[in-house]
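Dear colleague,

I am handing over the structure we spoke about, and I would be glad if you could look through it with the notes below beside you.

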Amino acid sequence: MKSDMYSRYAQQYDLAVQDNIYNALFERPNLQAMLGDIEGKKVLDLGCGPGVYADYFLRKGAESITCLDFSVEMVDIVKNKFSDRVSTYVQDLSEGLPKEAERQYDVIVCPLVIHYLKDITALFSDVYRVLKPGGSMALSTHHPFADFECSASGNYFDTELVQEEWDTVGTPVQVTFYRRPLVEITNAVTNAGLSITQISEGQVSGAIKQASPETYERLRKHPNFIFIKCQK
Ligand SMILES: C[S@@+](CC[C@H](N)C(=O)[O-])C[C@H]1O[C@@H](n2cnc3c(N)ncnc32)[C@H](O)[C@@H]1O
C-alpha cells in the first residue's frame with residue numbers, strides 16, 4: 001500500500017528517523033541485536049526505506065547489500081546515498097520476491113514493513129526460497145497487542161485496515177496499515193518452512209529515558225513493537 005509518509009514525505013522521514021526515539025533508540029537497537037555478525041554476509045533489506053539499515057550493514061562489513069522498497073522515492077534516496085555500494089530496486093513485497101534467485105542470502109531483514117501488506121504469505125514463502133540453508137531473517141512490526149487498541153471490529157482475530165494520523169515527520173500525515181493477530185504472523189513464518197528462533201518485545205534503554213522520561217515509562221508498560229527472528 002502506497003503511503004504519502006514514504007513517498008511525498010520520504011526526505012523528511014529520512015531526517016526524522018536518524019535520531020528519533022521510536023526508530024533510532026527503540027526499533028533499530030532491538031532488531032540489530034538479533035542480527036548477529038554481519039561481516040562477510042550477503043544481506044537483503046526488505047522495505048529498506050531511506051537506507052538506515054543499509055548504512056548499518058555497510059559499517060558492519062557486509063559482503064553485499066540488496067535494498068528493496070515499494071517507494072520510488074525511498075529507493076532513490078538509497079541510490080543517492082550509497083551509489084554502487086548497495087543494489088536497489090522497486091518491489092511490492094506483497095508479491096513476494098519474484099526477481100530473486102533461490103538460496104542467495106545469509107541474512108534478511110524486514111524492519112517495520114509487514115503491517116503494510118494485506119497478505120504476508122507470498123513474502124515468507126519467498127524469504128524461505130532465497131535464504132541459504134542456515135540463513136536467518138529478522139523482522140519488526142507493530143505489536144499485535146498495541147494495534148488491537150485501534151481495532152474497529154473489537155475482534156482480535158480479525159485482520160483489518162487501520163487508519164491513523166502520525167506526526168513522525170513534524171506534520172500530521174495519514175497512515176494506513178493492517179492489524180492482525182500474532183498467530184497470523186507466526187503461521188506465515190512457520191508454514192513457509194522457517195523456524196522461529198527468537199521473539200522479543202523490545203528492551204527500553206536508558207538512552208530513551210534520557211531523551212523522554214514519559215516515552216520511557218510508556219514503552220516500559222505498553223508493548224509497541226514485536227521482533228521475530230527465524231531461520232531456514
Ligand atoms: C516504517 S518504514 C521502514 C523503513 C526502514 N525499514 C526503516 O526501518 O527505516 C516502511 C517502509 O516500507 C515500505 N513499504 C510499504 N509497503 C510496501 C510494500 N508493499 N512493498 C515494499 N515496501 C513497502 C515503505 O515504502 C517504507 O519505506
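Predicted model: local features only at pLDDT ≥ 70, side-chain atom pairs only at ≥ 80, totals over all residues.

Residues are numbered from 1 along each chain as its sequence is written, and side-chain values use heavy atoms, with hydrogens and water left out.

The chain as a whole

The secondary structure comes to nine helices and nine strands, where helices (H or I, at least four residues) and strands (E, at least two) are DSSP runs numbered from the N terminus. For 232 residues a compact globule would have a radius of gyration near 17 Å, and the chain agrees with this at 17 Å; the radius is taken over C-alpha atoms, and the globule rule is 2.2 Å times the number of residues to the power 0.38. Along the principal axes, the C-alpha atoms fill a box of roughly 40 × 35 × 35 Å. Of the 232 residues, 53% count as buried (under 20% relative accessible area, with exposed meaning over 50% and partly exposed in between, for a 1.4 Å probe and protein chains only). Among contacts (heavy atoms within 4.5 Å) between residues at least 6 apart in sequence, 68% join residues at least 24 apart.

Helix α2

Helix α2 covers residues 21-35, and its 15 residues reach 20 Å from the first C-alpha to the last, close to the 21 Å expected, the expected span being 1.5 Å times one less than the number of residues. The helix bends by about 35° at Glu 27, with Pro 29 following within four residues; the bend is the angle between axes fitted to the seven residues ending at a residue and the seven starting there. Because 11 of its 15 residues are buried, α2 is largely enclosed by the rest of the structure; among these buried residues are Phe 26, Glu 27, Arg 28 and Leu 35. After the helix comes Gly 36, whose phi is positive, near 75°.

The nonpolar cores

A nonpolar core is here a set of buried Ala, Val, Leu, Ile, Met, Phe, Trp, Tyr and Cys residues joined through side-chain atoms within 4.5 Å. The largest has 43 residues, and those with the most contacts inside it are Met 5, Leu 35, Ile 38 and Phe 57. A second, separate core of 28 residues includes Leu 93, Tyr 105, Ile 108 and Phe 124. Phe 57, which lies in helix α3 (residues 52-59), is buried with a relative accessible area of 0%. Leaving aside neighbours within four places in sequence, Phe 57 is in contact with residues including Leu 35, Ile 38, Asp 45 and Val 109.

Loop residues

Pro 98 is found in the loop between β3 (87-90) and β4 (105-111) and is exposed, with a relative accessible area of 53%. Beyond its neighbours within four places in sequence, Pro 98 is in contact with Gln 91 and Asp 126. Arg 103, in the loop between β3 and β4, has a positive phi of about 50° although it is not a glycine. Leu 112, in the loop between β4 and α5 (121-130), also has a positive phi, near 60°, and counts as buried at 14% relative accessibility.

With best regards
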